[in-house]
Amino acid sequence: MSFEILVVEDEDDIRSLIAGILSDDGHPVREADGSAQALAEFRSRKPSLVIMDVWLKGSDMDGIELMDEFKKTDPDIPVIIISGHGTVETAVSAIRKGAYDYIVKPFQSEKLLITAKRALEAAQLRQENAELKGRSFYEETLIGHSSVICQLRQKIDRIAPTNSRVLISGPSGSGKELIARLLHDKSDRKNGPFKAVNAASMVPERVEEELFGIEDAHGSTFKIGLLERAHFGTLYLDEVADMPIETQSKLLRLLVNQRFQRVGGQKDVQVDVRIITSTSRDLERETRLGHFREDLYHRLNVMPLEAPPLLERREDIPDLVNYFIDKLTVSTGLPKREIGEDAMAALQAYGWPGNVRQLKNNVERLLILASGDPGQAITLESLPEEVSVVRRTSNKQDNDRMISMPLRSAREHFEREYLQVQIERFGGNISRTATFVGMERSALHRKLKSLGINSSSKSTLAERE
């Protein structure tokens, strides 16, 4: 991937030489002959790297002072200082004040390219580390082998390289940000920044400042927005339905021509950013109600993707549970535990309204609160009662009622409760339920009918799977 570089040099021939070397290596280059033009170029759009002479003849600021101005806006901007009058003291001073490196003229083109490459790699590594701190530890890949997850993986692989805008819909906790990160990681922008922001978590009055940045009346940049920081990369807007209508209009303009104005600014800033959005609400309904711009909805919804709720992929729960256990034992130092068959069946039978996030939280709770020998499996009794369908249907009052029943009625009562739990466990898939309980599919249908269990809707789901 190429990175945009700003070259600041007062001598025309040297500036052109440096720009030519970098351009031949595939980098977009902007040039400035002094501090005033350099500030203007920096404010027009933040570069990935600045290479500049320490002495700028006829300028208000020298290279060190100019670097200080750049770092007021972006402390992490990498700067390489060059000079024809290099001394050890000057080099040490430049690096202490934040320069990545110092190059003495005359220099070989290979030296320049290697130093620039290392500066960009160091900046990219800092950026990735910052992103990892904000990323949940389990957000690495889609776990599971269900048909819905396999189809989702295939769609991601097809969509990721296209650079098309994607709208991801799905309930809270279903992994929408993970899907967005996978789209970025599998695209040509994978070496560029991935910036994520939740529109619902931002103060409405400050949404535009966060996205577009701020300038004062004189054009001095006080804050670089997320769009500019995502240049050559991906911006992920979560819960986009919560974005104010006024901001929606500005986002629409950006999608049309990749330009925007900072808050308080007068000049356009042009960026190359892929926009991925997500929502847990019915965005089409929001447009009909007038809460979301219809033209923006159609611009964002070029490639729709659905993050499935956990209840539609119950067969993935064992894989997810084991994955979380492996990760948690490494990150927390807790002893690794096995999940018993009865406990796993109960986890598969629960509806999980909080989806994958809720499952992960409960696995962590199990590991922390589990008692007994670490070599023993976690049983049904260790599960929180609210997530255990089996325990809720097997309380003392229920047992007392069964004791008063004749054998035939008690057997029917047990079969009804047992089969209902198993059907829930396998997400309504009658074929898989029949295989597990050891019955022919047609025999199971007859049994369900005799017990008064309505399986028509669940059978339809089974046929799809």
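The structure is a predicted model. The protein has 21 helices and 14 strands, and of its 465 residues 47% count as buried. Among the contacts in the protein with a separation of 6 or more, 70% are accounted for by residues 24 or more positions apart.

**The sheet that contains β4**

- Five strands form an open sheet with parallel pairing, and their order is β2-β1-β3-β4-β5.
- The edges are taken by β2 (29-32) and β5, each of which has a single partner strand, so one side of each is left without a neighbour in the sheet.
- Neighbouring strands of this sheet are turned against each other by 20° on average, when direction is ignored.
- Helix α3 packs on the sheet, where it touches β1, β3 and β4, and its direction makes about 160° with that of β3.

- Strand β4 (residues 79-83) is largely enclosed by the rest of the structure, because five of its five residues are buried.
- V79, I81 and S83 point one way from β4, while I80 and I82 point the other way, and all are buried.
- On one side of the pairing, strand β3 (residues 49-53) runs parallel to β4 and is joined to it by four bridges.
- The chain passes from β3 through helix α3 (residues 63-73) to β4, and this β-α-β crossover is right-handed.
- Within the pairing of these strands, V50 has V79 in β4 as its bridge partner, and M52 stands opposite I81 in β4.
- Strand β5 (residues 101-104) also pairs with β4 in the parallel sense, over four bridges, and here S83 stands opposite V104 in β5.

**The sheet that contains β10 and β13**

- Another open sheet of five strands, with parallel pairing, has the order β7-β10-β13-β6-β14.
- Its edge strands are β7 (194-198) and β14 (303-306), each of which pairs on one side only.
- From one strand to the next, the twist of this sheet averages 20°.
- Helix α7 (residues 176-185) packs on the sheet and touches β6 (166-169), β7, β10, β13 and β14, with a direction that makes about 155° with that of β6.
- Strand β10 (residues 234-238) and strand β13 (residues 274-279) run parallel and are joined by four bridges, and the bridge partner of L237 in β13 is T277.

**A pair of packed helices**

- Helix α19 (residues 430-437) and helix α20 (residues 441-450) pack at an angle of about 95°, and their axes are 9 Å apart.
- That angle makes α19 roughly perpendicular to α20.
- The contact is made by I430, S431, T433 and A434 on the α19 side and by R441, L444, H445 and L448 on the α20 side.

**Buried residues in loops**

- E9 lies in the loop between β1 (5-8) and α1 (12-24), and at 0% relative accessibility E9 counts as buried, because the cut-off for buried is under 20%.
- Leaving aside residues up to four places away in sequence, E9 touches I14, R15, A32, D33, D53, L56, I82 and K105.
- A polar atom of the side chain of E9 also lies 3.0 Å from the backbone nitrogen of E11.
- D74 lies in the loop between α3 and β4, and D74 counts as buried at 5% relative accessibility.
- Not counting residues up to four places away in sequence, D74 touches K46 and R229.
- R262 lies in the loop between β11 (259-261) and β12 (268-270), and at 2% relative accessibility R262 counts as buried.
- The side chain of R262 is joined to the side chain of E228 by a polar contact of 2.9 Å, and a polar atom of the R262 side chain lies 2.3 Å from the backbone oxygen of R43.
- R262 and G213 are 49 residues apart in sequence, yet their C-alpha atoms are 5.0 Å apart in space.

Definitions and conventions. Residues numbered from 1 in each chain as written. Predicted model: local features only at pLDDT ≥ 70, side-chain atom pairs only at ≥ 80, totals over all residues. Heavy atoms only, no water. Buried < 20%, exposed > 50% of the residue type's maximum accessible area, 1.4 Å probe, protein only. Helix = DSSP H or I, 4+ residues; strand = E, 2+ residues; numbered from the N terminus. Pairing = 2+ DSSP bridges. Right-handed = clockwise from strand over helix to strand, strands pointing away. Contact = heavy atoms within 4.5 Å. Polar contact = N/O pair within 3.5 Å; in protein donor to acceptor, adjacent residues only side chain to side chain. Axes fitted to C-alpha atoms, helices over the stretch in contact; angles between N-to-C directions. Parallel < 35°, antiparallel > 145°, perpendicular 65-115°, else oblique.
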